[in-house]
Amino acid sequence: MEKKKPFYITTPIYYPSAKLHIGHAYCTTIADAIARFKRLAGYDVFFLTGSDEHGQKIQQTAEAAGVTPIEYVDGIVAGFQNLWKELHISNDDFIRTTEERHQRVVQEVFRRIYEKGDIYKGSYKGLYCTPCESYWTEHQLDENGCCPDCHRPVQEVSEEAYFFKMSKYADKVLEYIEANPDFIQPVSRRNEMINFIKQGLEDLCISRTSFDWGIPVPIDTKHVIYVWFDALTNYITPIGFLDDKEKFDKYWPADLHLVGKEIVRFHSIIWPCILMALELPLPKMIYGHGWLIVGGDKMSKSKGNVVDPLALIEEFSADAIRYFLLREINLGQDGNFSRDALITRINSDLANDLGNLLHRTLNMIGKFQQGSLIPPQGESGIDASLKADAMETVKAYGEEMEAMQLSSAIKKVWAFVSRANKYIDETAPWVLAKDAGRKQELANTMYNLVESLRIISVLISPYMPVTAERIWKQLGLPKEFSGVQLSDIQEWGGTPGDLKVGVPEQLFPRIELEKEEAPARQQKAAGKKEKAKADAKKEEHPEITMEEFSKIHLRVVKVLAAEPVPKTEKLLKLTVDLGDEEREIVSGIARHYTPEELIGKNVVMVINLKSAKIRGIVSHGMVLAASHGDDMKLLDVDMPVGSQVR
Ligand code: ME8
């Protein structure tokens, strides 16, 4: 059997100083999606996360809580592990820096570098930021003389300490960064680091005597090792640095350290200096992602703007949160988190686009073919254009994923989801189903849809592992989902021709945005409306492209039922038949038609309009009408239900 290529990916190890918020979950979710993609692509992945449990701040917090530091961190770290489980994080190991296996590695690393002469004893005078566990020089402080990261006051400290000769490695690290353009990503971070090193690197103080919650210096146990020296070493502990050479040689150097942008400096300067002193190769890439912002600020406990990921998972599901984070935010940039944006994505992308594609497909196979596929045959057995789009999507998605463009990759998948939805409108299977002579054409269409969904489910699995498997199972595909690989969708036609599909189950329920109950939102909307009016005046009929127009799905629908909406004069609630499903919509035509006049009419409807709640009723679409002065007439046409209008 061919040996799989290894891929070693890490997240930062988190401080158990506070409850984790959605900002931390963001970092781990990105790493998880990459790890899952790499497994899908056939790599032998090792994915590491963990907790960074030492340091003065934790000791102080534990004392304030009246418990020992280990009691304190045990409780919080159990919470981390639970969060990662709930978020379906597929890490292969979880490293705690308080574990004996890690302590041994840190002490050995210290000893080796000391014996080499790159660690020496001196006296430290400097400025220390306790919350950030960082030492600063005078010229690095902000304009108020505070910590340049968190902007809180720093303390002057002076004590005997051990120093690591970073200055010895400064030129070598700079050379390495300049010779390896991919080492620090994105490029803006790389430039920052180059400038930082060019200002000169001082030797790093790597021990403290003023507290004892840390790993003791092996040669002088009244000192504990500086928390960043301890923490960075976590990356080599679980892959066998001390006790499993084969494993270590397989996974080191790491392929990717994914970290937040504010800690790129520690990873791309201090860590390489430590590795060079150990004579180990440097990691292949340090990627600094942006922050999740809430109301203009980085999410953090001290700012009081944290969003609890567990509560969100419980309300919306882990997959919906994962999808939102990975789709909405470009990896290297900061991105805004808002509840409204999350709900909008769930409704439009997950409930509407994806949910409807699956539901409509399975419904039609149930209704028209008793729940079974019939092998595709004949000229249109394979729809060449749909197949070409699917294959192009698989290819482009792979390229974007390899380049860590997670948002672009999933957008490509969604373009294909829309394409498949459009394929239903174009082929109008409900029309084919009425014609006994077109049975095979109908069978071909159903096959092409299931095959499209099979491909989609694999592509979304790094983002939404639970949903992907649910789709796979609803389709009734025989292969165990856990064994599915990207190679299974490299070619069109992997769906068995006689597959018996399952019963459709809703993937994501639509979530109502209670417009009436949110005055702030209403105000904002009113402001937007005013602006929209002004813009519209400027350009009454702005041109749109054919591509923009093609996003509007128009279809002939039959009005099955109509009734007035209570306490309104203009509104009627209509139930309409789209051919493959029934829907409710609210229409402002009560002054022009009685309910009886409408029933049985075939009219034109926009079927992919975003759902909206009107007087307590959710309207899923809009019928079209022509108006002239006070007169208004619905666009009724003598065409079968389900006909496409274009
Ligand atoms: O820095 N948006 O731990 P940490 C995005 N223990 N990412 C965020 C974020 C936000 N609002 N808030 C935090 C540490 N993060 C060290 C790491 S590694 C050897 C030691 C990210 O718990 C942050 O950018 O303070 C960082 O990458 C990670 O959470 C851990 O932060």
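Domain bounds here come from an automatic or database domain assignment. The model is predicted.

**Stop 1: the domains**

Colour the chain by domain. Domain 1 takes 1–95 plus 290–337, domain 2 takes 338–489, and domain 3 takes 551–645. Now keep domain 2 and domain 3 on screen. Their C-alpha centres are 28 Å apart. Contacts link 13 residues of domain 2 with 13 residues of domain 3.

How much area is buried between domain 2 and domain 3? About 1,100 Å², with carbon and sulfur atoms giving 46% of it. Select Arg360, Asp425 and Trp430 on the domain 2 side. These residues lose the most area to domain 3, together 45% of what that side buries.

Stay on this interface for its charges. It holds 2 salt bridges. Show Arg360 with Asp580: the pair forms a salt bridge, and its closest N and O atoms are 2.8 Å apart.

**Stop 2: strand S13**

Select residues 286–289, which make up strand S13. Ile286 and Gly288 point to one side, while Tyr287 and His289 point to the other. Which of these residues are buried? All of them are.

Strand S7, residues 184–185, pairs with S13 in the parallel sense through 2 bridges. Ile184 sits opposite Ile286 there. Strand S12, residues 256–260, is also parallel to S13, with 4 bridges. Ile286 is the bridge partner of His257. Trace the chain onward from S12: it passes through helix H9, residues 264–277, to reach S13, in a right-handed β-α-β crossover.

**Stop 3: a three-stranded sheet**

Move to the open sheet ordered S15-S14-S16, whose pairing is mixed.

**Stop 4: around S11**

Select strand S11, residues 220–225, then strand S9, residues 207–208. The two pair in the antiparallel sense over 2 bridges. Arg208 faces Val224 across them. S10 and S11 make a hairpin with 2 residues between them.

**Stop 5: salt bridges**

The whole structure contains 46 salt bridges. Visit a few.

- Arg189 and Glu192: a salt bridge with closest N and O atoms 3.2 Å apart. The two are 3 residues apart in helix H6 (residues 187–198), about one helical turn. Arg189 counts as buried at 11% relative accessibility, whereas Glu192 is partly exposed at 37%.
- Asp334 and Lys261: closest N and O atoms 2.9 Å apart in this salt bridge. Asp334 lies in the loop between helix H11 (318–328) and S16, and Lys261 in the loop between S12 and H9, so the pair ties together parts 73 residues apart in sequence. Asp334 is partly exposed, with 37% relative accessible area.
- Arg345 and Asp349: closest N and O atoms 2.8 Å apart in this salt bridge. Both lie in helix H12 (residues 339–369), 4 residues apart, about one turn of the helix. Asp349 is buried, with 5% relative accessible area.

Finish with Lys121, Glu160, Asp220 and Lys222. Salt bridges with shared partners join these residues into one network.

Technical notes
Residues are numbered from 1 along each chain as its sequence is written. This is a predicted model: local features need pLDDT of at least 70, side-chain atom pairs count only at pLDDT 80 or more; totals for chains, interfaces and linings use all residues. Side-chain values use heavy atoms; hydrogens and water are left out. Buried means under 20% relative accessible area, exposed over 50%, partly exposed in between (1.4 Å probe, protein chains only). Two strands pair if DSSP finds at least two bridges between them. A crossover is right-handed if, with the strands pointing away from the viewer, the path from the first strand over the helix to the second runs clockwise. Contact means heavy atoms within 4.5 Å. Buried area is the accessible area (1.4 Å probe) that two parts lose on being put together, summed over both. A salt bridge is a side-chain nitrogen of Lys or Arg within 4 Å of a carboxyl oxygen of Asp or Glu.
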